Amino acid sequence: RFSKNDQSVVSGFDENLWIEMSFANDKNLEDLLDEFSFVRKANYLFFKNLNDEVLTRSGSVNGNNISVNQLGQLIVGHNIHHINIINERYIPKMGS
(Lines give C-alpha, C1' and ligand atoms only; values in the text may rest on other atoms or scores of the structure.)
Protein backbone atom coordinates (compact mmCIF):
# COMPACT_ATOMS: atom_id res chain seq x y z
CA ARG A 1 0.00 0.00 0.00
CA PHE A 2 2.68 2.48 0.98
CA SER A 3 4.73 1.84 -2.15
CA LYS A 4 1.70 2.99 -4.14
CA ASN A 5 1.41 6.09 -1.93
CA ASP A 6 -1.75 4.79 -0.23
CA GLN A 7 -1.80 6.53 3.16
CA SER A 8 -4.58 4.43 4.68
CA VAL A 9 -3.70 3.39 8.22
CA VAL A 10 -3.01 -0.33 8.52
CA SER A 11 -4.36 -1.84 11.73
CA GLY A 12 -2.78 -4.64 13.71
CA PHE A 13 -4.04 -8.20 13.86
CA ASP A 14 -3.90 -11.21 16.17
CA GLU A 15 -0.95 -13.16 14.79
CA ASN A 16 -1.69 -16.13 17.08
CA LEU A 17 -5.16 -16.50 15.58
CA TRP A 18 -3.69 -16.26 12.07
CA ILE A 19 -1.12 -18.96 12.92
CA GLU A 20 -3.81 -21.21 14.36
CA MET A 21 -5.97 -20.79 11.26
CA SER A 22 -3.04 -21.49 8.91
CA PHE A 23 -2.92 -25.15 9.98
CA ALA A 24 0.86 -25.00 9.41
CA ASN A 25 1.42 -27.94 11.79
CA ASP A 26 -0.66 -30.13 9.48
CA LYS A 27 1.44 -29.36 6.38
CA ASN A 28 4.29 -31.55 5.23
CA LEU A 29 7.81 -30.20 4.85
CA GLU A 30 7.73 -30.17 1.04
CA ASP A 31 4.57 -28.05 0.97
CA LEU A 32 5.96 -25.66 3.60
CA LEU A 33 9.18 -25.23 1.63
CA ASP A 34 7.27 -24.69 -1.63
CA GLU A 35 5.06 -22.05 -0.03
CA PHE A 36 8.06 -20.35 1.58
CA SER A 37 9.96 -20.34 -1.71
CA PHE A 38 7.07 -18.86 -3.70
CA VAL A 39 6.35 -16.12 -1.16
CA ARG A 40 10.05 -15.27 -0.92
CA LYS A 41 10.32 -15.05 -4.72
CA ALA A 42 7.21 -12.85 -4.95
CA ASN A 43 8.63 -10.48 -2.34
CA TYR A 44 11.99 -10.38 -4.12
CA LEU A 45 10.37 -9.58 -7.48
CA PHE A 46 8.26 -6.85 -5.90
CA PHE A 47 11.11 -5.07 -4.11
CA LYS A 48 13.74 -5.40 -6.84
CA ASN A 49 11.85 -2.99 -9.11
CA LEU A 50 11.21 -0.25 -6.55
CA ASN A 51 13.23 2.92 -6.98
CA ASP A 52 14.74 5.06 -4.21
CA GLU A 53 11.77 7.44 -4.13
CA VAL A 54 9.31 4.59 -3.61
CA LEU A 55 11.50 2.94 -0.95
CA THR A 56 11.40 6.12 1.14
CA ARG A 57 7.59 6.31 1.16
CA SER A 58 6.07 5.46 4.50
CA GLY A 59 2.83 4.94 6.32
CA SER A 60 1.32 3.94 9.63
CA VAL A 61 1.03 0.33 10.73
CA ASN A 62 -0.65 -0.31 14.06
CA GLY A 63 0.25 3.20 15.24
CA ASN A 64 3.90 3.05 14.07
CA ASN A 65 5.37 4.88 11.09
CA ILE A 66 7.44 2.66 8.78
CA SER A 67 8.99 3.07 5.35
CA VAL A 68 8.71 0.71 2.40
CA ASN A 69 12.44 0.04 2.73
CA GLN A 70 12.05 -0.84 6.42
CA LEU A 71 9.21 -3.21 5.56
CA GLY A 72 11.54 -4.95 3.10
CA GLN A 73 14.17 -5.28 5.80
CA LEU A 74 11.60 -6.74 8.18
CA ILE A 75 10.58 -9.28 5.53
CA VAL A 76 14.21 -10.40 5.16
CA GLY A 77 14.55 -10.74 8.93
CA HIS A 78 11.28 -12.64 9.11
CA ASN A 79 12.53 -15.00 6.39
CA ILE A 80 15.58 -15.75 8.53
CA HIS A 81 13.26 -16.43 11.46
CA HIS A 82 11.29 -18.94 9.38
CA ILE A 83 14.44 -20.64 8.08
CA ASN A 84 15.50 -21.11 11.69
CA ILE A 85 12.12 -22.65 12.53
CA ILE A 86 12.39 -25.05 9.57
CA ASN A 87 15.88 -26.07 10.68
CA GLU A 88 14.83 -26.51 14.32
CA ARG A 89 11.43 -28.16 13.94
CA TYR A 90 11.32 -29.95 10.62
CA ILE A 91 14.81 -30.90 9.45
CA PRO A 92 15.50 -33.06 12.55
CA LYS A 93 12.30 -35.02 11.83
CA MET A 94 13.47 -35.90 8.32
CA GLY A 95 15.77 -38.61 9.68
CA SER A 96 12.98 -40.37 11.57
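**Notes on the predicted fold**

1. Lys93 counts as exposed, at 59% relative accessibility, where exposed means over 50% relative accessible area, buried means under 20% and partly exposed lies in between (1.4 Å probe, protein chains only). Lys93 is found in the segment after α4 (68-90), with helices (H or I, at least four residues) and strands (E, at least two) taken as DSSP runs numbered from the N terminus. Although Lys93 and Leu29 are 64 residues apart in sequence, their C-alpha atoms are 9.6 Å apart in space.

2. A word on the basis of these remarks. This is a predicted model, in which local features need pLDDT of at least 70 and side-chain atom pairs count only at pLDDT 80 or more, while totals for chains, interfaces and linings use all residues. Residues are numbered from 1 along each chain as its sequence is written, and side-chain values use heavy atoms, with hydrogens and water left out.

3. On the overall layout, the protein chain has 4 helices and 2 strands, and reading along the sequence gives the pattern α-α-α-β-β-α. The radius of gyration is 16 Å, well over the 12 Å that the globule rule gives for 96 residues, so the chain is more spread out than a compact globule; the radius is taken over C-alpha atoms, and the rule is 2.2 Å times the number of residues to the power 0.38. Along the principal axes, the C-alpha atoms fill a box of roughly 50 × 30 × 15 Å.

4. Of the 96 residues, 19% count as buried. Among contacts (heavy atoms within 4.5 Å) with a separation of 6 or more, 63% are accounted for by residues 24 or more positions apart.

5. The nonpolar cores deserve a look in the viewer. A nonpolar core here is a set of buried Ala, Val, Leu, Ile, Met, Phe, Trp, Tyr and Cys residues joined through side-chain atoms within 4.5 Å. The largest has 6 residues, namely Phe2, Leu50, Val54, Leu55, Ile66 and Val68. Apart from it lies another core, of 5 residues, which include Leu29, Leu32, Ile85 and Ile86. In soluble globular proteins, nonpolar side chains tend to be buried together.

6. Val68 and Ser3 can be examined as a pair. Leaving aside residues up to four places away in sequence, Val68 touches Phe2, Ser3, Phe47, Leu50, Val54, Leu55 and Arg57. Ser3 lies in the segment before α1 and counts as buried, at 7% relative accessibility.

7. Asn79 is a polar residue to check in helix α4. Asn79 counts as buried because its relative accessibility is 15%, and, not counting residues up to four places away in sequence, Asn79 touches Phe36 and Arg40.

8. At the start of α1, a side-chain oxygen of Asp14 reaches to within 3.0 Å of the backbone nitrogen of Asn16. The residue that follows α1 is Phe23, whose phi is positive, near 55 degrees.

9. The two strands, β1 (residues 58-61) and β2 (residues 64-67), run antiparallel and are joined by 4 bridges, where pairing requires that DSSP find at least two bridges. Gly59 has Ile66 in β2 as its bridge partner. The strands form a hairpin with 2 residues between them, and Asn62 in the turn has a positive phi of about 55 degrees.

10. Side chains of opposite charge can pair when their charged atoms come close. A search of the whole structure finds 3 salt bridges, each being a side-chain nitrogen of Lys or Arg within 4 Å of a carboxyl oxygen of Asp or Glu. In the bridge of Arg1 with Asp6, the closest N and O atoms are 3.3 Å apart, and Asp6 is partly exposed, with a relative accessible area of 26%. Glu35 pairs with Lys27 at 3.0 Å between the closest N and O atoms; Glu35 is partly exposed at 40%, and Lys27 counts as partly exposed at 30%. Glu53 and Arg57 meet through their side chains at 2.8 Å, N to O, with Glu53 partly exposed at 46% relative accessibility.

Terms used
Polar contact = N/O pair within 3.5 Å; in protein donor to acceptor, adjacent residues only side chain to side chain.
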